[in-house]
Amino acid sequence: MKNLFLGLLSLLSVNLYSQEYKVFHTAICYDLLSSIENFETLTESSMYKDYLATDSIFLSNIELINNAITASNLCNLYASLPTNKDNIDDCISFFISFTPDMIPQEFQGRYVEKIYAVKSEIIAVVNTLKDAGYEEYWKQNVRQKLEKAINNYIFDEGLLENIHKEINSLAGSMPLSNDFSKIYILDIGNAFSLNDETFCCTYFLLNKEIAKQYRIDFVQVYIHENLHRLYLSKELMTQLEFLYTTDEFYRVNESKATEHREGRNEAFIVAAETYISRKLGLKSDEDVLTEFTEYLEGSLVLSPIIYNNLQDKKKTESYNDFLLRLLKKGIIESGDIEKQYNSAMKIIKDKVQKTATNNGLL
């Protein structure tokens, strides 16, 4: 197991480090689409600083696109249909033929129309990048550092199995498939899940020392993004909308989360990730407290309430049904969220204080 991630990547840059697992992958098309949001990296490179950095039409199109959508929007659209992630021409052809009605209903959303509104600008930008030699740039400047990060990362033995066991325990009657999630390691600065139950992640997180400085652990990101694969019903999301319109404390904090481009179901995912990480010993009670206090400025006020109740989830209950039960039984209740949040945080703080006392730190 110690040698899981050693070995060569194929010409198409897919890591085949083990017959048992195929977790890490690269994808030139996802990097191409993400480079629109991160265009400064391109225009500052020696290959492009005297070309793209002075192309006013290119920069104008970039601005229009970035004002409308994000890299995750573009990658999610491309993941909505079976597509070749390693061929730029196929990527360009996809956007040329793209219309909103070709996207499956389950992947529809406002982002689809937003992308369609800047379709011509997207096509112009990706064509400019192709003509400017992006494929060669990616092979010379991007793929090598991604491969290095992938080949240097090692999971603890048995950890992936334990993670998926815990996720399926939360999933109850609606477990995930037996496949481990496919992770595309990209030259980006964040991580996000994709429509096809894969996800994209910055290569920075595979450097454990760098991740430690930012207090972000790749394994916890892996858990987090896999939890986004769990089914959440329209009924549940409607309940969240009701809370937003009727509970001021929740609304104020949800608005704060929205400013970070998060919110809505994020509280459910953070609660579950924290619970699994704590159960597997990846986080301490103090880490749990820090998570709920500092992540998105502590705005996910439902997370600690859910976290404290997860121990009472029924074995056959799906995560969706568990959350609905909390709402229907008033464990999460409009008009009382602030009080319920403060009570939940006190429980967590008391655990931290008890541990510190037992260790002679207080």
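Helix H3 (residues 56–68) has 13 residues, which at 1.5 Å a residue should span 18 Å; its end C-alpha atoms lie 19 Å apart, in agreement. The expected span is 1.5 Å times one less than the number of residues. Helices (H or I, at least four residues) and strands (E, at least two) are DSSP runs, numbered from the N terminus. The model is predicted: local features need pLDDT of at least 70, side-chain atom pairs count only at pLDDT 80 or more, and totals for chains, interfaces and linings use all residues. Residues are numbered from 1 along each chain as its sequence is written, and side-chain values use heavy atoms, with hydrogens and water left out.

Confidence was examined next. pLDDT is the predictor's confidence in each residue, from 0 to 100. Its mean over the chain is 87, and 92% of the residues reach 70 or more. Over residues 1–20, pLDDT stays under 50. For this stretch the model has 43 contacts beyond four places in sequence, a contact being heavy atoms within 4.5 Å.

In H3, the buried residues are Phe58, Asn61, Ile62 and Ile65. They cover an arc of only 105 degrees around the axis, which puts them on the same side of H3. The arc is that of the directions from the helix axis to the C-beta atoms. Ser56, Glu63 and Asn67 are exposed on the other side of H3. Buried means under 20% relative accessible area, exposed over 50%, and partly exposed in between (1.4 Å probe, protein chains only). The buried residues of H3 pack against helix H1 (28–37), helix H2 (39–43) and helix H7 (119–131). Aspartate 55 caps the N-terminal end of H3. One of its side-chain oxygens lies 3.2 Å from the backbone nitrogen of isoleucine 57.

Serine 35 belongs to helix H1. Its relative accessible area is 7%, so serine 35 is buried. Apart from neighbours within four places in sequence, serine 35 is in contact with Leu42, Leu129 and Tyr134.

Helix H18 (residues 337–358) has 22 residues. From first C-alpha to last it reaches 32 Å, close to the 32 Å expected at 1.5 Å a residue. Its buried residues are Ile337, Gln340, Tyr341, Ala344, Met345, Ile348, Val352 and Ala356. Seen down the axis of H18, these fall within an arc of 160 degrees, so they line one face of the helix. The face turned away from this buried side carries the exposed residues Lys339, Lys346, Lys354 and Asn358. Packing of the buried residues of H18 is against helix H12 (234–246), helix H13 (248–259), helix H15 (285–294) and helix H16 (303–309).

Two strands pair if DSSP finds at least two bridges between them. E1 and E2 run parallel, joined by 2 bridges. Here histidine 25 stands opposite tyrosine 184 in E2. E2 and E4 also run parallel, with 4 bridges. Isoleucine 183 has phenylalanine 199 in E4 as its bridge partner. E3 and strand E4 (residues 199–202) run antiparallel, joined by 3 bridges. Serine 193 stands opposite phenylalanine 199 in E4. Strand E2 (residues 183–186) is covered on both faces. Ile183 and Ile185 are buried on one side, and Tyr184 and Leu186 are buried on the other.

Definitions and conventions
Polar contact = N/O pair within 3.5 Å; in protein donor to acceptor, adjacent residues only side chain to side chain.
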